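Student: I am new to this structure and would like a close look at a single part, the place where two of the chains meet. Please go through it in one connected answer.

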Amino acid sequence: MLHIINKSPFETNTLDTCLRMAQPGHALLLIEDGVYAATKGSAAEERVREACTTLKVYALQPDMDARGVTGKVIDGVTLVDYGGFVDLAEQHDTSHSWL
Amino acid sequence: MSEQQPSPAGGPKVKKFMIVNRKAPYGTIYALESLEVVLIAATFDQDVSLVFIDDGVYELVKGQQTKGIGVKNFSPSYRALEDYDVEKLYVDRASMDQRGLTESDLLVPVAVLDAQQMGQLMAQQDVILSF
Amino acid sequence: MKFGLLVSEGPYTHQASDSAYQFVVAALAKGHEIQRVFFYHDGVNNATRLTEPPQDDRHVVNRWSALAAANKVDLVVCVAAALRRGIKEEVLAPGFRISGLGQLIDSAIKADRVVVFGD
């Protein structure tokens, strides 16, 4: 399953709730303001590093570029473009956009 | 990996739909408009589960009286769901606990799931719509 | 693969409509089919022809209309959500049509994948 989060981890508790419920082997894609969770040096970094041990974590590069944070991406988070986003949606039977 | 149910004798596909509610009622319209989707999905004879997580659990709280805010009280619609054969209502235990809610605070019967159970239920779905 | 999309927020205020548009463009470029893009909640505001955004930024509504025209993408606006927000036939941008919520469920049944863009 593909989990999609579009909110900053400091704006809502969406990341925490998703990480409570995501099952091992699932994928997590961070888009829009959600990409801030994929940046080093923030209070969310540890949670995301830990998530990378059970989930495949991705961040949408165009959204990271837009926000000037691509250089800070956490190791273990894979950057994808919109084509990669489409591929992820294709590869996983179901997606859940956590709104 | 979800398995689609076989079509009833050559009829249209039946998919497992999960409608996810994470927002409180009245402060925004999402709770109300989400319910409208649930009712339509039910008329299409789909296998609908309704889950309430985080502030979504507040949607089910008894005793909503909206006269003072001049907004229609749509909470009776949750009780009407069973008339549409929508009976799979689930709430997240941690969300309830965090908000000091118990099943007796809610206006409809629900199944209370822990995070692992909720995650597994999500993983079984064909379509997940979040509002 | 057939993709069905749900767009739940209006233009500019949220990035949802932009993200959905970019997803559709990428999916079409890969040879996928877009079964339908369904607009709900404030997403119906993507369908009004009355927007006049500044010229130096993207025109969200026109971009959807152009996409529909070039690729025959079905853009459907929920009638109930539209009426609530004053989106009616007389203000509809080209390429959009107003229909019932059933079109969302129909799309989810027919599509191989459903992706939701919202807040």
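Tutor: The contact between chain A and chain C draws on 18 residues from chain A and 19 residues from chain C. Note that this is a predicted model, and the values that follow are computed from it.

The area buried between chain A and chain C comes to about 1500 Å². Carbon and sulfur atoms give 57% of that area. On the chain A side, three residues stand out: A:Y82, A:V86 and A:E90 supply 35% of the area that chain A buries against chain C, more than any other three residues.

One of the salt bridges joins A:K7 to C:D119, with the closest N and O atoms 4.0 Å apart.

Which elements of chain A supply at least two residues each to the side that touches chain C? They are helix 4 (82–91) and strand 5 (95–98). Helix 4 of chain A gives the most, with seven residues. By type, the residues of this side of chain A divide into six nonpolar, five polar and seven charged.

Chain C, the partner in this contact, can be described by its sheet. Chain C has an open sheet of five strands in the order 4-3-2-1-5, with parallel pairing. Strand 4 (96–99) and strand 5 (113–117) of chain C each have a single partner strand, so they stand at the edges and one side of each is left without a neighbour in the sheet. On average, neighbouring strands of this sheet are turned by 25 degrees against each other, direction ignored.

Within the sheet, strand 2 (residues 33–39) and strand 3 (residues 75–78) of chain C pair in the parallel sense over three bridges. C:F38 stands opposite C:V76, which lies in strand 3 of chain C.

Two helices of chain C pack on the sheet. Helix 1 (residues 16–29) touches strand 1 (2–7), strand 2 and strand 5 of chain C. The direction of helix 1 makes about 170 degrees with that of strand 1 of chain C. Helix 2 (residues 60–71) of chain C touches strand 2, strand 3 and strand 4. The direction of helix 2 makes about 95 degrees with that of strand 4 of chain C.

Conventions:
Residues are numbered from 1 along each chain as its sequence is written. Chains are lettered from A and ligands numbered from 1 in the order in which they are written. This is a predicted model: local features need pLDDT of at least 70, side-chain atom pairs count only at pLDDT 80 or more; totals for chains, interfaces and linings use all residues. Side-chain values use heavy atoms; hydrogens and water are left out. Contact means heavy atoms within 4.5 Å. Buried area is the accessible area (1.4 Å probe) that two parts lose on being put together, summed over both. A salt bridge is a side-chain nitrogen of Lys or Arg within 4 Å of a carboxyl oxygen of Asp or Glu. Helices (H or I, at least four residues) and strands (E, at least two) are DSSP runs, numbered from the N terminus. Ala, Val, Leu, Ile, Met, Phe, Trp, Tyr, Cys and Pro count as nonpolar, Asp, Glu, Lys and Arg as charged, and the others, Gly among them, as polar. Two strands pair if DSSP finds at least two bridges between them. Axes are lines fitted to C-alpha atoms, for helices over the stretch in contact, and angles run from 0 to 180 degrees between N-to-C directions.
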